[in-house]
Amino acid sequence: MTKIDSTLAKTLLEKLWEVRLFEENTSRLYKEGVLPGFVHLSLGQEACAVGACQALQESDFITSTHRGHGHCIAKGADLNRMMSELYGKETGYSKGRGGSMHIADVNAGILGANGIVGQSTTLAIGAALSFQTKKLDNVVLAFFGEGASGSGAVHEAMNIAGIWKLPVIFFCESNKYAELSPFDVHVPIKNISDRSKGYGFKGITIDGNNLVDVYSNVLEAVKLARNGNGPTLIEAKTNRWHGHYEGDPQKYKPSSELDEKNWDDPIIKFQDFIKKEKIISETEIDKIKEIVDKKIIEAIKFAEQSKNPSAEILLEDVYASDF
Ligand SMILES: Cc1ncc(C[n+]2csc(CCOP(=O)(O)OP(=O)(O)O)c2C)c(N)n1
């Protein structure tokens, strides 16, 4: 098993809490009517984002989805600019014009959240082809959902990636539902990972709520890709605790899944592991959460105090206009 030392454990736990607390606060602010637009939260899926991104280097890229806060945070996006974007403020990643699904930071290797389901994989193979052509050893990890996996775009991306042995990791967050449709309504097989056989590369299904499993399996896939051995499809079985979007009444879920007592919490799982293995002390574990709590409060303050975009800049960054 991959060794988790105390420095790594602290980093991982801090990231897990950053994702959790950023999104819990987003949920609250959305309910309070503070945040405009639409938000899709990944609460319950934190181990996927954090484990996968930790296995990458800073110069590697990710492509993300409509449920992308966790991916962006885990890959190193700035919490203040992210929160500002959600508030629609001019200090946000897209100057407040895009909101939750328009967070990108190329310097941090984040090629963007993406509202077009499935297209994270096509963007990823483009970036991977560029790395391969330039003979760079960087890799690209594409996050997508099991719903996206049924789209033509994902099939085409995997097919080309298999033929050209592109340095890409296809990371499917298999969270049981695509919008309101349960897995078995739109997927005719038990595991999405079985599809990799059709593209000529390795596929594996893992416990997406187990951070150590996610991290070690992505490390393995990254090693293959970096060494010119092509893609891996990793299907991480996980749970989306909230609705498809905030405000979704979730009538399609059985009541047992809505009961918090039954939630398989990836953070508790990881903390239990750290305690059992005596990697860091309980006091340190508690301190990490307190530190992150303050960071999120700071990010909210930063967003609140930032300016709304002025009307004068309405036509800036617009590529086509009649004016
Ligand atoms: C090309 C495209 N088709 C349909 C939609 C509408 N849509 C938004 S999210 C979603 C389901 C995505 O499910 P999945 O890929 O499993 O991701 P999850 O929401 O579970 O994270 C759909 C169909 C879209 N945004 N883009």
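A residue is called buried when its relative accessible area is under 20%, exposed when over 50%, and partly exposed in between, using a 1.4 Å probe and protein chains only. S216 counts as buried because its relative accessibility is 18%.

This is a predicted model, so local features need pLDDT of at least 70 and side-chain atom pairs count only at pLDDT 80 or more, while totals for chains, interfaces and linings use all residues. Residues are numbered from 1 along each chain as its sequence is written, and side-chain values use heavy atoms, with hydrogens and water left out.

Start with the surroundings of S216. It is found in helix α8, residues 211-226. Helices (H or I, at least four residues) and strands (E, at least two) are DSSP runs, numbered from the N terminus. The side chain of S216 reaches back to the backbone oxygen of V212, at 2.7 Å. A polar atom of that side chain also lies 3.4 Å from the backbone oxygen of D213. Both are polar contacts: pairs of N or O atoms within 3.5 Å, where within protein one must be able to donate a hydrogen and the other to accept it, and residues adjacent in sequence count only if both atoms are side-chain atoms.

Now turn to the sheet. Five strands make up an open sheet, in the order β1-β2-β3-β7-β6, with parallel pairing. The edges belong to β1 (61-63) and β6 (202-207); each has a single partner strand, so one side of each is left without a neighbour in the sheet. From one strand to the next, the twist averages 20°. Two strands pair if DSSP finds at least two bridges between them.

Walk across it from β1. This strand pairs with β2 (residues 140-145) in the parallel sense, over three bridges. Here I62 stands opposite L141 of β2. Further along the order, β3 and β7 pair in the parallel sense over six bridges. F170 has L233 of β7 as its bridge partner. On the β6 side, β6 and β7 pair in the parallel sense, also over six bridges.

Helix α5 (residues 119-133) lies across β1, β2 and β3 (168-174), and runs at about 170° to β2. Helix α6 (residues 152-164) touches β2, β3 and β7 (232-237), and its direction makes about 145° with that of β3. Axes are lines fitted to C-alpha atoms, for helices over the stretch in contact, and angles run from 0 to 180 degrees between N-to-C directions. Contact means heavy atoms within 4.5 Å.

Next comes the ligand. There are 14 residues around it, and H66, R67, G115, G147 and A148 come nearest. A residue is near a molecule or strand if one of its heavy atoms lies within 4 Å of it. A polar backbone atom of V117 is 3.1 Å from a nitrogen atom of the ligand. N175 uses its side chain: a polar atom there lies 2.9 Å from a ligand oxygen. Y177 places a polar backbone atom 2.9 Å from an oxygen atom of the ligand. Taken alone, the ligand exposes 580 Å², and the protein buries 70% of that. Accessible areas come from the Shrake-Rupley method with a 1.4 Å probe; for residues, only the protein chains shown count as cover.

Finally, look at helix α4, residues 79-87. Seven of its nine residues are buried, so the helix is mostly covered. The buried set is L79, M82, M83, S84, E85, L86 and Y87. Their cover includes α1 (6-31), α3 (69-75) and α11 (282-305). At the start of α4, a side-chain oxygen of D78 comes within 3.2 Å of the backbone nitrogen of N80.

Y87 has a relative accessible area of 9%. Leaving aside neighbours within four places in sequence, Y87 is in contact with L29, V34, L35, P36, I300, A303 and E304. After α4 comes G88, with a positive phi near 80°.

The loop between α4 and α5 holds G96. G96 is buried, with a relative accessible area of 19%. Beyond its neighbours within four places in sequence, G96 is in contact with E85, G88 and K89.
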